[in-house]
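Work through the two exercises below with the structure open beside you, and try each task before reading its solution.

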Number of protein chains: 2
Amino acid sequence: MSDPLRIVLVSSRNPLNIGAAARAMSNFGFTDLRVVNPYDVAYREARSAVRSHYILEQSRQCSTVVEAIAGCTLVVGTTAVGNRDLHIPLYRLETGAELLREHLASSAKAALLFGSEKFGLSNDEMSHCHWLMRIPTRSEHGSMNLGQAVAICLYEMRRQAAAVNQPAFEKPPVASSEELERLTAVLMDLLVESGYAQERTLESTELKLRRLIRRINVASNDAEALLGMLRHVLWKMRQAR
Amino acid sequence: MSDPLRIVLVSSRNPLNIGAAARAMSNFGFTDLRVVNPYDVAYREARSAVRSHYILEQSRQCSTVVEAIAGCTLVVGTTAVGNRDLHIPLYRLETGAELLREHLASSAKAALLFGSEKFGLSNDEMSHCHWLMRIPTRSEHGSMNLGQAVAICLYEMRRQAAAVNQPAFEKPPVASSEELERLTAVLMDLLVESGYAQERTLESTELKLRRLIRRINVASNDAEALLGMLRHVLWKMRQAR
């Protein structure tokens with residue numbers, strides 16, 4: 001199956017960034033990479049492409065944007081600039097990724113363009129795009145590292161809105177009131193044994209302790225583990241008496 | 001105002017990654033960085049921290065995780081491993097970021113821990129965490145570059161669910177039917193002038209053209225611009241006759 005989203009890096013200066021982009025592509029399951037006029041033709045050797053050299057090896061080097069976006073029915077550019085007079089729709093990444101997913105859902109091919117580290121996409125390169133999107137960075141420091149920008153865009157493409165508020169972890173059953181009471185009792189014995197609880201404060205200490213134990217919301221198996229530890233301490237103290 | 005989310009990098013090997021983490025922090029407006037046992041004590045010079053040296057300069061170097069998380073009421077670890085027997089809740093980033101935001105909303109302090117590039121967080125380091133979260137990478141290639149992982153987590157923290165489907169761009173008004181008809185007329189004149197439209201196909205060509213022009217959904221100002229261009233071409237052709 002050919003990958004419906006193509007990543008296009010235009011005039012990237014640093015092979016490490018190209019390698020980092022390839023690694024993020026592998027992390028999120030994208031494989032179609034085209035590189036337009038990289039400053040270093042040996043970009044395929046990038047050391048930062050940990051476990052992702054297969055993407056660099058099958059990437060295509062192009063001399064023009066037109067060649068890089070061939071076959072795509074949607075071309076999307078990325079920009080760090082929020083308020084340039086762009087004459088082209090500009091969306092936040094959250095919205096843009098949704099529009100991209102809708103396009104890809106009809107098994108149409110799309111390209112996502114990233115400009116050079118220093119200048120971003122030129123006006124000429126942008127003129128090939130149907131629309132632009134920007135990562136919602138601070139306006140005071142909008143420009144991101146290229147590898148990080150690619151990673152964030154691909155994460156957002158794979159993000160599952162439905163995953164929010166669906167805990168992946170089943171909370172273990174909380175301790176029963178019997179377990180809590182056993183825990184309270186052995187702790188109370190320890191306080192008496194150590195002399196912390198005195199005759200005249202015995203009752204109020206026990207009350208405080210019981211309330212405290214109910215507040216800590218301990219799991220059943222943790223209560224059993226604690227009980228074992230504390231009983232051993234108590235046994236040792238009584239032996240030493 | 002002190003920053004409620006602290007980023008803690010544990011045993012990072014590569015100062016470039018620490019610099020990249022600082023840059024992402026600046027991009028998304030976080031400032032509180034602590035570094036536990038970095039392999040290179042000169043990490044503050046990291047060249048990759050473009051425009052973010054202020055974060056490295058005010059970062060604190062710690063010798064233990066305990067020192068790094070001091071003052072935090074929630075400690076969250078990150079892991080690339082989805083199925084390790086962790087004995088601790090593990091959430092996808094989408095969910096974890098939501099839980100973190102809820103905690104920070106009560107102006108309580110939280111720490112977000114990232115382990116070393118090679119091994120991630122150790123079991124000992126994880127034992128300081130209330131829960132863990134993972135970026136939803138492919139299971140076949142889960143391990144991310146450290147700088148990219150930090151960038152994605154901070155993006156998700158700043159992500160606005162409400163931004164989805166809220167176009168930041170006002171579509172310009174579409175062309176009126178009068179403008180579309182003027183466009184059709186001048187194109188038709190061009191087709192006649194050039195000999196494309198012949199006497200016997202005149203009517204059917206005009207029909208096709210009128211339908212085509214209605215399908216392209218051109219904006220009002222673009223229709224006027226096109227009209228100007230085409231009228232000039234027509235004028236030139238008639239002059240050359």
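Axes here are lines fitted to C-alpha atoms, for helices over the stretch in contact, and angles run from 0 to 180 degrees between N-to-C directions. Helices are DSSP runs (H or I, at least four residues) numbered from the N terminus. The model is predicted, so that local features need pLDDT of at least 70 and side-chain atom pairs count only at pLDDT 80 or more, while totals for chains, interfaces and linings use all residues. Residues are numbered from 1 along each chain as its sequence is written, and chains are lettered from A and ligands numbered from 1 in the order in which they are written.

**Exercise 1.** Describe how α4(B) and α6(B) cross.

Begin with the axes: those of helix α4 (residues 93-105) of chain B and helix α6 (residues 146-158) of chain B come within 9 Å and cross at roughly 60°. α4(B) is therefore oblique to α6(B), a class left over once angles under 35 degrees (roughly parallel), over 145 (roughly antiparallel) and 65 to 115 (roughly perpendicular) are set aside.

Next, take the residues in contact (C-beta atoms, placed from the backbone, within 7 Å): Leu93(B), Glu94(B), Ala97(B), Leu100(B) and Arg101(B) of α4(B) meet Cys153(B), Glu156(B) and Met157(B) of α6(B).

**Exercise 2.** Find how α1(B) and α6(B) are oriented to each other.

Helix α1 (residues 15-28) of chain B packs against α6(B) at an angle of about 15°, with the axes 8 Å apart. The two helices are therefore roughly parallel to each other.

Finally, look at the contact, where residues of α1(B) including Ala20(B), Ala24(B) and Phe28(B) meet residues of α6(B), among them Val150(B), Leu154(B) and Met157(B).

Key:
Contact = placed C-beta atoms within 7 Å.
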